[in-house]
Amino acid sequence: PGPTRLAMRLGCRLGGARPARLLCARRLSTSGLPSPLPPLPPSQPTAAAGAESALAPAAPGLLGLPSIYLELSKAKLSGLVVMTTGAGHLLAQLPLDPLLLGATLSGTFLCAASANTLNQVIEIPRDARMARTAKRPLPSGRISPAHALAFATTTGGAGVGTLLALTNPTTAALGAATIGLYAGVYTPLKPVTHYNTWVGAVVGAVPPLMGWTAAGGELLSPEAALLSGALFLWQIPHFLALAWMYRADYAAGGYEMLPRRDPTGERTAAVCLEYSCYLTALPFAVWASGLTGCMFAVESLAFNGVMLAAAARFVLAPPNARVQQAQYARRLFFASLGYLPLFFGCLLLHQQSNRHAATEDEEVAAPEAARARLREAGRQYCLHEQLEAPSLCPKGAADEVAAVAHEVAAGAAAGLAGSRQTQPPS
């Protein structure tokens, strides 16, 4: 027995395979002797590997810095933000000042770059757990957190400073608020509540206001409400569709998104359809308020119809049919990407003349002349121009509806005033 146990011990210590060692340990334990070796722990990194992982990331080369800075800035998202800022600026219908427009757009881009970089600095551990974000500069170690923080501070200061020096204090304050709300409120809320999407939509509604106020528009005005309202409503189906597509990734990162608490997808799809309906109604409310002509509402039926159809298809997908739901969510997401350029393009084309603008000024009349030429070119494709049937023209039908609505409103107002006059004093 003694030599046998000794041979078993030697076999356990010299055997290279883990299963053989464990088998020897079981034999010794069943023979009444204590196990000579503890079970092997899972494979762990060596001391050298641990020391290597603890090292700070190597400084990127000068040639690689621009691309890293663009990634930190989320250049595509920031470009979309700049586009909405430009639309808000043009909506003011003031003389086009290239310096003012350039300062507004560049200042807005720098503020967006700062906010996006701060967001990534805060979320390094969570981004590292997500397949979609693990290759970003910070989780992948291509740039250090201190370097990224310095970039965020520089771009934020430069952006707010540019807006303050070359536009006005209101626009600069909105730029600073965008950075603070995005990095200080929205980002910390992402792992806490799924309502972070709505908070983020509030932040995303600020940039078009920056373009509007930089051109001299009033912050509290119908135009400002239109700009911010359109961006707020658009972001809900856009980002919820994205969150559904990457719901497993968001769960791995520990983010509280609506799809994470919605296993069937029914609630997420319903919210997307709800806000798509709000977007469809918005152009008609804008037309009724007198900010645009009726053709804005008529033409919006095309791109709003695409959004509605995509959202409705997402709703009608069978519950728990993950492949189909992901497919329809992707279609909704891509439909939303094309929505904003069409919305703002039609809005600027059909905007009514600004009551505050001096239209006799040649600098102001030039953009109006260009707008008139575009409208005249569009009339060539109108139904009644092609079919010689004015009753088929959507503008004519809309004008008739508006005239009837005004008559009804005027009659109701007159009747209300008459009833007040006939009432005896109390």
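## Charges over rings

Let's start with a charged side chain: R132 lies over the face of Y246, 5.1 Å from the ring centre. A charge sits over a ring if NZ of Lys or CZ of Arg is within 6 Å of the ring centre and within 35 degrees of the ring normal. K190 likewise lies over the face of Y255, at 4.7 Å from the ring centre.

## About the model

This is a predicted model, where local features need pLDDT of at least 70 and side-chain atom pairs count only at pLDDT 80 or more, while totals for chains, interfaces and linings use all residues. Residues are numbered from 1 along each chain as its sequence is written, and side-chain values use heavy atoms, leaving out hydrogens and water.

## Aromatic pairs

How many aromatic pairs does the structure hold? There are 12. Rings of Phe, Tyr and Trp (its six-membered ring) pair if their centres lie within 6.5 Å; planes under 30 degrees apart count as stacked, over 60 as edge-to-face and the rest as tilted.

One of these pairs is Y182 with Y186, which is tilted, with 5.1 Å from centre to centre and 40° between the planes. The two are about one helical turn apart because they are 4 residues apart in helix α9 (residues 169–189). Helices (H or I, at least four residues) are DSSP runs, numbered from the N terminus.

## A stacked pair and its cluster

Y339 and F343 are stacked, at 5.9 Å centre to centre with 20° between the planes. Both are buried. Y339 and F343 also belong to one aromatic cluster with F296, F303 and F344.

Definitions and conventions:
Buried means under 20% relative accessible area, exposed over 50%, partly exposed in between (1.4 Å probe, protein chains only).
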